[in-house]
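User: Hello! I am new to this structure and would like to walk through it with you. Could you show it to me?

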There are 2 protein chains.
Amino acid sequence: MKATIYDVAKQAGVSIATVSKVINRKGRISKETRTKVLRIMDELNYKPSVVASALTGKQTYTLGLLLPDLANPFFAEIARNVEDHAHKMGFSVMICSTDNTLEREELNISLFQQKSVDGIILATGVQNGGMIKELQKSLPMALIARDIPTLTIDTVLVDDFIGGSLATNHLIDFGHRQIGIITEDLIVMSSKERTRGYLNALESAGIPHNPELIKIIDFDVQSAREAAGELIDAHPEMTAIFACNDLFGAAVIKAARERGLSIPGDLSIVGFDNTLLAEIIDPPLTTVAQPIREMGRLVVDLIIRSIQEEDSIKQRIVMLPELVSRASVSGPARVKAEINQPSPLT
Amino acid sequence: MKATIYDVAKQAGVSIATVSKVINRKGRISKETRTKVLRIMDELNYKPSVVASALTGKQTYTLGLLLPDLANPFFAEIARNVEDHAHKMGFSVMICSTDNTLEREELNISLFQQKSVDGIILATGVQNGGMIKELQKSLPMALIARDIPTLTIDTVLVDDFIGGSLATNHLIDFGHRQIGIITEDLIVMSSKERTRGYLNALESAGIPHNPELIKIIDFDVQSAREAAGELIDAHPEMTAIFACNDLFGAAVIKAARERGLSIPGDLSIVGFDNTLLAEIIDPPLTTVAQPIREMGRLVVDLIIRSIQEEDSIKQRIVMLPELVSRASVSGPARVKAEINQPSPLT
DNA sequence: CTGAAAGCGCTTACAG
DNA sequence: CTGAAAGCGCTTACAG
């Protein structure tokens, strides 16, 4: 029913080799037969089978993308941008969510292999560097928004340490001294770095850090909300929270409001990622922006290069995050009050 | 380098036909050779090539999913659930965003065909029923969260008319009479139906509807916010808005807050979809829930059935939406005031 | 410039 | 129960 290369060849009165050549613009073909073959292909609505040509040693022109959870806005935006640029480069993308379990990760990678994807992009937190190292020999891989420093592998990510500093300094600049942080498990590299950035910013500002102000939680909105609540209840002196992603930021807003706190009046909040969420939420969330679009474009470029060139030089592209100032941060109430009072010194 | 069926056959001292049979559990194979082959397969870490077996007339075990925008939380959640159930059934899924343009839609469908996907799930608003009808002959298709009533095609969607009524009646029950609506272009079936539900609810309650309270806009958050602003500014008598999706609902909240209105005190809002957004936002958004998880499961089941059975009976599954009551709705201020005043009659 | 033939890694009758 | 052979729809040397 669907036309094959044989149908085209027969109709055009040439061999399938010739048809193949005009499809792939390879070898020398006379203009006449080329146009004729092209015309027949069009008439028959012939589309070469990717699976057949893949079997002959060519590519499948599909990429695998592994991420923790497609329903998470940050990863959904990553996926969208990877997808867009991949399409532009002639690749489709197969997407799998792993919920960060090693089991689903291995399963899906093995699936990708069976389906002969040309390369795999990982946005997921495998700690299993050994496995990846092994796989990498036979299949191009790249990391996005993740880091496995021990591996020679194409990587594009944001400097999370700087991001954490940026967020914390912003708060410090506004006069905050008691700053809480809510972060994911520190085995996740990006969380660890953001937390390091937070600690470093405090230290640089000469603010002693209080370990009790650090909450490490699982990645789900509910725990974020509870953690924020506990933090707020236990530390009335705390005037600001750095939430290590926008989802957590939203959760902090909720917890604060439930306790009758106004934002930013009673509690300032800065998030991370600059997803749709930060924009849409009320108050709009001040956050550290990852250049998601650009990052998506870059991983795709890296992996395609590594697909097309044997032994391409691996790169590690570190983007600099930027603070996007919105409405969830102000000076702490105490400071405000001081400012409003006529200073005794004037 | 990667082991093939030949390697396994040689190692096991059998023919490739035999290996194939043990892989596919077909034909009669002695227990001994089966275990032997299985052992060798394991030793060689052999995984059958899906592309080779696909070429032999079998399936590719991949599904295509076409949606307007993966970065939109509603569709991201659809994608996640489709993906999950597809994996459970042994299928991978290739995802493409179309931004609802016909051009990208056709392009991506054609791509899916070249890659020999086993079936296509459409969550996208093609009006091009003719094309789909044609394609359907050669390739199983199913619709999710979309409707093309003129087509005999597997479909699972929510009853948008009832959804619209539910939302509006909820508002009416709370005493609202001047209810605005913000909806996408009415050529999108679901929007049209939700709006019909809204009108019908008003009519049933004997409330004359005011055409000026209906805002039809493009699908983007910015226009939603502007539209909400205009509605609020022009109609101080309006006490509630039905936003045809949660994203719009969030935009309405913003617009209202910008104007110093309190929610739900001054303005009640109900959304649609019950995405993560509705939960995370402040105030939590009362909304009409689509059973996204269930819907994802069902389309996958439908399309797989239609892949496996020639001429399967097409189904159209209409789920009933449910109102999820949260904090964005209360009685209108006027009514509240009356309630609070000692009634002159007592 | 064009074509015959082998081969990619499987599956599927068919024969034994 | 097992295997030889053809075929799926292409591409790629190689010959002419």
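User: In which sense do strand β8 and strand β9 of chain B pair?

Analyst: A word on the basis: this is a predicted model, where local features need pLDDT of at least 70, side-chain atom pairs count only at pLDDT 80 or more, and totals for chains, interfaces and linings use all residues. Residues are numbered from 1 along each chain as its sequence is written, while chains are lettered from A and ligands numbered from 1 in the order in which they are written. Strands here are DSSP runs of E with at least two residues, helices are runs of H or I with at least four, both numbered from the N terminus, and two strands pair if DSSP finds at least two bridges between them. β8 (240-243) and β9 (268-273) of chain B are joined over three bridges, and the sense is parallel.

User: Which strands stand at the edges of the sheet in chain B?

Analyst: The open sheet has six strands with mixed pairing, in the order β7-β6-β8-β9-β10-β12. Two of them each have a single partner strand, so one side of each is left without a neighbour in the sheet: these are β7 (214-217) and β12 (322-324) of chain B.

User: What angle does the direction of helix α11 of chain B make with that of β9(B)?

Analyst: Angles run from 0 to 180 degrees between N-to-C directions, with axes fitted as lines to C-alpha atoms, for helices over the stretch in contact. Contact means that C-beta atoms, placed from the backbone, lie within 7 Å. Helix α11 (246-258) packs on the sheet, touching β6, β8, β9 and β10 of chain B, and its direction makes with that of β9(B) an angle of about 160°.

User: Which element gives the most to the surface near DNA strand C?

Analyst: A residue is near a strand or molecule if its C-beta atom, placed from the backbone, lies within 6 Å of it. DNA strand C is surrounded by 27 residues, with A:Ser15, A:Ala17, A:Arg28, B:Ile5 and B:Ser20 the closest. Two or more residues each come from α2 (16-24) of chain A and from α2 (16-24) and α4 (50-55) of chain B. The most, five residues, come from α2(B).

User: How far apart do the C-alpha centres of domain 2 and domain 3 of chain A lie?

Analyst: Domain bounds come from an automatic or database domain assignment, which gives domain 2 (62-159 + 292-320) and domain 3 (160-291 + 324-340) in chain A. In chain A, 16 residues of domain 2 are in contact with 15 residues of domain 3. The C-alpha centres of these two domains of chain A are separated by 29 Å.

Methods: Contact = placed C-beta atoms within 7 Å.
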